[in-house]
Amino acid sequence: MKKIALGILALALAFPAVYAQEKTNKEVNKETKVYRHHTGKHKRQHDGAYKKLNLTREQQDQLAVINKNYRAGIADLKRQEATITVKDYKAQMQALNKKRRGETDHVFTKEQKDQLRQMRTRQKEKLTADGRAEKMKKMEGFKRGGNRSRMSK
């Protein structure tokens, strides 16, 4: 009788533990199995900047094609990530970024380029005024292993 009671008690305690994990509704990219915590957040930020530039429909379409090609290039690069060296990966990533920047520069008019440049400098000033730039630099040091002396103590 004790064995049956202990068995039932063990099942009663173990059964809820199996279902204790909370279910998540986070969006998952099925191709790379990457969870997206803030889907669309950055898109809204860039859309706001582009709205201030008063882009024509043609310019918007050109930028959409450029960004689509860029994302396809990044996806290809991520697929090759296991087979290439870090140096090659970084070089190819820089090449993709340079190509994207060059293509987008041809889309904007001179006034839009000036306005975009002003918006970027204001954003940099805002980051330095908040002290975020220094915090980011400090965090980069931790990511690269710059402050290992504190971790080894």
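Hi everyone. Of the 153 residues in this protein chain, 13% count as buried. Please keep in mind that this is a predicted model.

Let me start with the overall layout. The chain holds seven helices and two strands, and from the N terminus on the order of elements is α-β-β-α-α-α-α-α-α. If we take the contacts with a separation of 6 or more, 49% of them join residues 24 or more positions apart. As for the surface, the chain exposes about 14000 Å², with carbon and sulfur atoms supplying 55% of that area.

Now, to a feature on that surface. Which residues gather in a patch of positive charge? They are Lys 68, Arg 71, Arg 100, Arg 101, Arg 120 and Lys 124. Three helices each supply at least two residues of this patch: H3 (57-80), H4 (86-107) and H5 (110-130).

Is Thr 104 buried or exposed? Thr 104 counts as buried because its relative accessibility is 10%, and the cut-off for buried is under 20%.

And what does Thr 104 touch, leaving aside residues up to four places away in sequence? Its partners there are Leu 63 and Ile 66. Leu 63 sits 41 residues from Thr 104 along the chain, yet their C-alpha atoms are separated by 6.7 Å.

That's my tour for today.

Key:
Residues numbered from 1 in each chain as written. Predicted model: local features only at pLDDT ≥ 70, side-chain atom pairs only at ≥ 80, totals over all residues. Heavy atoms only, no water. Patch = residues over 30% accessible without salt bridge, like charges linked within 9 Å, V, L, I, M, F, W, Y side chains within 5 Å. Areas by Shrake-Rupley, 256 points an atom, 1.4 Å probe, with all protein chains shown as cover. Salt bridge = Lys/Arg side-chain N within 4 Å of Asp/Glu carboxyl O. Lys, Arg positive; Asp, Glu negative; His and termini not counted. Charge placed at Lys NZ, Arg CZ, Asp CG, Glu CD. Helix = DSSP H or I, 4+ residues; strand = E, 2+ residues; numbered from the N terminus. Buried < 20%, exposed > 50% of the residue type's maximum accessible area, 1.4 Å probe, protein only. Contact = heavy atoms within 4.5 Å.
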